[in-house]
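Please open the model in the viewer and keep the selection panel at hand.

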Amino acid sequence: MRVTFIVVLFVIMGRIALSQDIKVLDYKGIKPIIETLNDTTYVVNFWATWCSPCVKELPYFQKLHDNFRQDKVKVLLVSLDFVKQIDSRLKPFLEKNKITPQVLLLSDPDANYWINEINPEWSGALPATIIFNRNFYRFYEKSFTYEELELIINQNIIKP
């Protein structure tokens, strides 16, 4: 009986640990984050659960998050899913796939404005990623392999 209780407790605690509070922001809320220039290298990926190439590359961002945890590298996943699907689709997806980097949901109806503000070359297609720090800024409208991400980080990380 006691062993069963402990196993059930671990399962529940594991689910709680993976569960994220997902902030819903408009572009004004995202803007300060993507304009932060310091010693940290930021990897900001724009994605959605309904985007097949996005889903395919998410494990690479998770691996990057895990492997560079001790370095000044922050992975931020900006979901473009629908607000009304946070609990029914987004959170279950994150839990099922064990995605642990911070997730924000961008909900702003003026996509023509904010897409251009994020990068004038962005067509609006997903996935899209910005990698930057105080010495480096690059926008990518493409899918990545883990090796590509790792190479960009290793070439541009600010070492102490």
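Begin by selecting Phe46, Trp114, Trp122 and Phe139, which ring pairs link into a cluster. Rings of Phe, Tyr and Trp (its six-membered ring) pair if their centres lie within 6.5 Å; planes under 30 degrees apart count as stacked, over 60 as edge-to-face and the rest as tilted. By this rule the count comes to 9 aromatic pairs.

This is a predicted model, in which local features need pLDDT of at least 70 and side-chain atom pairs count only at pLDDT 80 or more, while totals for chains, interfaces and linings use all residues. Residues are numbered from 1 along each chain as its sequence is written, and side-chain values use heavy atoms, with hydrogens and water left out.

**Aromatic pairs**

Select tyrosine 27 and tyrosine 113. Their ring centres are 5.9 Å apart and their planes stand at 85°, so the pair is edge-to-face. Tyrosine 27 belongs to helix α2 (residues 27-34) and tyrosine 113 to helix α5 (residues 111-118), so that the pair links distant parts of the chain, 86 residues apart. Helices (H or I, at least four residues) and strands (E, at least two) are DSSP runs, numbered from the N terminus. Tyrosine 27 counts as buried at 4% relative accessibility, whereas tyrosine 113 is partly exposed at 42%. Here buried means under 20% relative accessible area, exposed over 50%, and partly exposed in between (1.4 Å probe, protein chains only).

Tryptophan 122 is in the loop between α5 and β5 (128-133), and phenylalanine 139 is in strand β6 (residues 136-140), 17 residues apart. Both residues are buried.

**Charges over rings**

Next, display lysine 63 with tyrosine 146: the lysine lies over the face of the ring, 4.5 Å from the ring centre. Lysine 142 lies over the face of phenylalanine 144, at 4.6 Å from the ring centre. A charge sits over a ring if NZ of Lys or CZ of Arg is within 6 Å of the ring centre and within 35 degrees of the ring normal.

**Helices α3 and α6**

Select residues 52-67 (α3) and 146-156 (α6), whose axes come within 9 Å and cross at roughly 40°. Axes are lines fitted to C-alpha atoms, for helices over the stretch in contact, and angles run from 0 to 180 degrees between N-to-C directions. The two helices are therefore oblique to each other; angles under 35 degrees count as roughly parallel, over 145 as roughly antiparallel, 65 to 115 as roughly perpendicular and the rest as oblique. Tyr60, Phe61, Lys63, Leu64 and Asn67 of α3 make the contact with Tyr146, Leu149, Glu150 and Ile153 of α6, where contact means heavy atoms within 4.5 Å.

**Glutamine 62 and lysine 98**

Stay in helix α3 and select glutamine 62, which counts as buried at 10% relative accessibility. Leaving aside neighbours within four places in sequence, glutamine 62 is in contact with Lys98, Ile99, Thr100 and Pro101. Move on to lysine 98, in the loop between α4 (86-96) and β4 (102-106). Lysine 98 has a positive phi of about 55° although it is not a glycine, and is exposed at 54%.

**A cis peptide bond**

Finally, select leucine 126 and proline 127, joined by a cis peptide bond with omega about 0°. Proline 127 has its place in the loop between α5 and β5.
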